[in-house]
Amino acid sequence: MIVHRHGHQLVALAPAKVNLHLEVRGKRADGYHELESLMLSVSLFDVLTVTPRAAGTVIACDDSSAGPVGDNLVSRAVALVRSESGRDDGVAITLLKKIPVAAGLAGGSSDAAVTLSALNELWNLGWTRERLSAMAATLGSDVPFFLGTGAAIARGRGEKLTPLDTPVMPWLVLLCPATGVSTAECFRQLELPIDDAAIARVEPIADAFARGDIAEVGRRLVNRLETPARKINADVDHVARHAARWPCLGQRMSGSGSTWFALCEGPEHAAALADQLRPLNLGKVFVVHGCLND
Ligand code: C5P
């Protein structure tokens, strides 16, 4: 995330993520699934403005598809910080949504992570990254990732993170169909158990990513949730068939869908592919690059 301070106000950019690898190792006793994933932040951002006010919490969002503001992940993050800190200072948060909702890009999770970090700074709480991560995991499986540097192997529910670096920032095209996929429904429709021999390991793609061998990353993209997402949503199935013909280094679904992404050789390649896709009206098209910070 990127945070700017303007006087008392904080303006923060909350990035989207894609999963370059997403494998499910089995179902756990707590109902969640044991995952192994390679997550990368990308340069498509929601914008949050966090401003002190006299009293109370006011949250405004420009996009009603993000659900009622009183119940979204930003509100839940504010409530969590209040209960853990005992602080009742007033705060106003405006949320400009650029990241499509229910798209497998974890926009809501990113907004929640930014909210935790911004309030930690605004209220001088002095909480460590570890404490924020533990709080983040209670809000959602993807939230802790966004407190990190922008690339990581995620295990467990998604909250056990091993940071990764790369010398080459990948360029991608995202295609977001008009309709989304419910993550819970996608996991429910997943057929388990998966044969041990069929489980893809994350290490080879993580090694290629760390070497900056993007062509090899493109050959190794995996997403175990594609089959259930294609079953649930006909738009996703249609895009999946189309994507098989895209001229790119590799293409896959992100998260539980509905976004499909293409890994490209660089900005010109990504722009050319996006120009090819836009007139087809398959969904919103974005050119993005990987987005790492420290
Ligand atoms: O953790 P989060 O609230 O984002 O997860 C949304 C839903 O996705 C969960 O309620 C669960 O059904 C499913 N899920 C899962 N295993 C995971 C992560 C999410 O089954 N590791």
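How many bridges join β10 to β11, and in which sense do the two strands run? There are 4 bridges, and the strands run antiparallel.

Some ground rules. This is a predicted model, so local features need pLDDT of at least 70, side-chain atom pairs count only at pLDDT 80 or more, and totals for chains, interfaces and linings use all residues. Residues are numbered from 1 along each chain as its sequence is written, and side-chain values use heavy atoms, with hydrogens and water left out.

The whole chain, quickly. It has 9 helices and 12 strands. Those are DSSP runs, numbered from the N terminus: H or I over at least four residues for helices, E over at least two for strands. For 294 residues, a compact globule would have a radius of gyration near 19 Å, and the chain agrees, with 19 Å. That radius is taken over C-alpha atoms, and the globule rule is 2.2 Å times the number of residues to the power 0.38. Along the principal axes, the C-alpha atoms fill a box of roughly 55 × 45 × 35 Å. Of the 294 residues, 52% count as buried. Buried means under 20% relative accessible area, exposed over 50%, partly exposed in between, with a 1.4 Å probe and protein chains only.

Now the sheet. It is open, has 4 strands in the order β10-β11-β8-β12, and pairs antiparallel. β10 (250–253) and β12 (284–289) are the edges; each has a single partner strand, so one side of each lacks a neighbour in the sheet. Neighbouring strands are turned by 20° against each other on average, direction ignored. Two strands count as paired if DSSP finds at least two bridges between them.

Walk across it. β10 and β11 form a hairpin with 6 residues between them. Glycine 255, in the turn, has a positive phi of about 55°. Methionine 253 has tryptophan 260 in β11 as its bridge partner. Next, β8 and β11 run antiparallel, joined by 5 bridges. Here leucine 172 meets leucine 263 of β11 as bridge partner. Then β8 (171–176) pairs with β12 over 6 bridges, again in the antiparallel sense. Valine 173 stands opposite valine 287 in β12.

Is β11 covered or open? Covered: 5 of its 5 residues are buried. In a regular strand, side chains alternate between the two faces of the sheet. On one side of β11 sit Trp260, Ala262 and Cys264, on the other Phe261 and Leu263, and all are buried.

α9 (267–277) lies across β8, β11 and β12, at about 20° to β8. Axes are lines fitted to C-alpha atoms, for helices over the stretch in contact, and angles run from 0 to 180 degrees between N-to-C directions. Contact means heavy atoms within 4.5 Å.

Elsewhere, two single residues. Serine 37 is in strand β3 (33–55). At 3% relative accessibility, serine 37 counts as buried. Its side chain makes a polar contact of 2.9 Å with that of asparagine 19. A polar contact is a pair of N or O atoms within 3.5 Å; within protein, one must be able to donate a hydrogen and the other to accept it, and residues adjacent in sequence count only if both atoms are side-chain atoms.

Glycine 212 is in the loop between α5 (203–211) and α6 (214–219). At 16% relative accessibility, glycine 212 is also buried. Beyond neighbours within four places in sequence, glycine 212 contacts Thr166, Pro167 and Val168.
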